[in-house]
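Student: Could you walk me through reading a model of this kind, one feature at a time?

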Amino acid sequence: MNKTLWYDTPAKHWTDALPLGNGSLGAMVFFNTSKERIALNCDTLWTGRPQLIKKEGAYESLLKAKQMVEKGELYSAQKELESGFSTCWSQAYLTLGDIVIKYDDRTSPVSRYRRELSLEDAAASAVYCKSGKKIASEAFVSKPAKLLAYRITSEKNISFTVEMKCPLLSKVSVENGMIILTGVCPSDSDSYSPHYPCNSLIYSDDKEKSGVSFAAAVKIKTNGTLSPQNKAIRIENSTDTEIYITVKTNFVDAFTPPCNSNIDPLKLCLDILKSADSKSYGQLKAEHIEDFSSLFNKTSFSLFKKNKNSDLPTDKRLKAFQKDTGDLELYELLYNFARYLAISSSREGTQAANLQGIWNEHTKAPWNSNYTININTQMNYWPFLSWGLTEEFMPLVELIKTLSITGEKTAHDYYRAGGFVAHHNSDIWGFSMPTTGNVQWSFFPGGSGWLCHNLFEYYEYTLDRDFLVNTALPIMKKASRFYLDILTEDEKGKLIISPAVSPENSFKINGKAVSLAKTSTIMNTIVLDLFKNTITAYEQLELNDNLYCEIKNAVKKIQPFKTGSKGQLIEWEEEYEECDIHHRHVSHLIGLHPFSIINETDMPEIFDACRKTLDIRGDDGTGWSLGWKINFYARLNDGNRALKLLKRQLKPIKSRKRSDFNYGDGGGTYPNLFDAHPPFQIDGNFALANGIIEMLVRSDGKTVKLLPALPEEWTDGKVTGLRVKGNAVLSFEWHNSKLTGYTIKGNRLEVI
């Protein structure tokens, strides 16, 4: 049972429901037996429009803050930046609303209920008996057909009503036997409000400021009778009903205001449904499975051990794991679920996966369900390249391309620097400015440099020279230009980013919580990694220019890593007293992972300092934080400690109603296996899976190390089709904790 989620009760809450998606259209299916809910999302359904926000006096405020920092007035400098440099929140990702199916027979007892999600087929289903009738429902979201298909079959006639609900400014009608929804997104999420998530949704009467327009269409085929009823559709005496749903918006790109779009979203929806008319439900499903499974089956992971709990319903299995951790197939299921989510939330031509992938039930989502680029967006894509999902990686590349354009003006206006910069948050419009609020998140010009690491990794895995020439290197050069322009020398002549923060941590000075320091380890490490990778890219392409020379000269002078009184890696320019020694962010270890600057060969002392840092931080954390720590320990060759945190990540978190964000319970896993920050963030799902990869494989483009951090409990296992740096595909097997064989396809790398 490592490729199927299943349950013996309907979903009560959203984090009990089963996710479906094709990268653009997302759905959460509840399979309720009396009042079914299908919660819908569309990847381009966001508040806002293209805006370049210039804050008057921002650069002057930065200069003042720098002068204060030089005098040691860190708290005053922080307040200066919070008032004079920061701007507003990014825009927000929205829910579309729900398809609701109300069955006539809503009170009869239900027996033999089972609902499940096949990860390999990307299809969800439910079957149960009610009033002597066997009823089955099935759903999938097709990439080839661009729609959601939902089928209800019954042994005897049943009757029900289908309707659509949308919390946005919209109208619903029934036209030509179809439910039609049209509407418009808010033109702003009240992004200047100090509240986060957005305090309110603002609709503008000014056409020039209008938000994204959207449409949805629902078409129903049935062997019963179909009739309109109060903006809904009534189906009576049916044993077979097919419901087809599609959603589109008039979004063009990050630079085109919705008011200038020539896209008619309703026409797109109707054309999609018309095209699907020529195919049967079975044909649509077969095409969908072929498309999805071709990606899902590229790779596999197995631990060869079955446990008595592996046949339990998934939610009960998760609870049973807390007492019996011998259910090794549960690790496989979590790993496969992450692969499923990756393919379902990010496909070529769609938007990048946000904080919740594409699944969000809120109009005011936690953290606006945006792109948080001080780790979370990057984390979403950590395992994609290992899984061979290179086309599915492209939405992230497109987001970075957008930021490399919008971030040019931000670099100039806020720093008087060349190149481009992006900060802590972004959105579908390429928001690149510093956000509002505490500098611990708002003053983070490291997002752009960190994202460039993802670009270079694409080249490392694929060795695609065209990508390096035309995409990665031009953007990396622009990012390097920015950092070259803002680097300053410390008292020892070393280059630092100053002032700087370490997201989202703080320390104490004279009893006050301060987040702004003279410099920070993460910022200097981001610059070091970017410069090293850019130099490598130049040399791979046999290029040489003035920028290359500047970078080569600067990289030698970047301030080195420092250790503290406990042997730990220090986070800022000196060893301050932290406000929270167990803080969820461990940003100063970025050189250990996802970068590989810190390693046991090149920096053994700093490598050991990372371990001591983690010991001090402790093992608790939010979902994504636990996921990152799993990867850290894998890089430290400590598979047992990594597995301990993986088990901690599997702590069951209770689902809650929509209005309760549940920020306070610590990380874990919801009944539907979504990662709990809490609330739900998808990055933890991807980090967990990547941690498993890091335990089993380490590659640098020349060599591959197998089983570098194999936990003692994982005595036997097999991996197939895993891509490694150097454009090679690896399969291997181990027994009694010893490697027994491997095959490598593509470039011949040294296996050690």
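This is a predicted model: local features need pLDDT of at least 70, side-chain atom pairs count only at pLDDT 80 or more; totals for chains, interfaces and linings use all residues.

Tutor: Residues are numbered from 1 along each chain as its sequence is written, and side-chain values use heavy atoms, leaving out hydrogens and water.

Student: How many helices and strands does the protein chain have?

Tutor: Helices (H or I, at least four residues) and strands (E, at least two) are DSSP runs, numbered from the N terminus; the protein chain has 17 helices and 30 strands. Its radius of gyration, taken over C-alpha atoms, is 26 Å, close to the 27 Å that the globule rule (2.2 Å times the number of residues to the power 0.38) gives for 752 residues, so the chain is as compact as a globular protein of that length.

Student: How many disulfides does the structure hold?

Tutor: A disulfide is a covalent bond between the sulfur atoms of two cysteines. With the criterion of a pair of cysteine sulfur atoms within 2.5 Å, the structure holds zero disulfides. For Cys549, the closest cysteine sulfur, in Cys452, is 20 Å away, too far for a bond.

Student: Is Cys610 buried or exposed?

Tutor: Buried means under 20% relative accessible area, exposed over 50%, and partly exposed in between (1.4 Å probe, protein chains only). Cys610 is buried at 0%, whereas Cys549 is partly exposed at 37%.

Student: Where does Leu268 lie?

Tutor: Leu268 lies in helix H3 (residues 265-276) and is partly exposed, with a relative accessible area of 35%.
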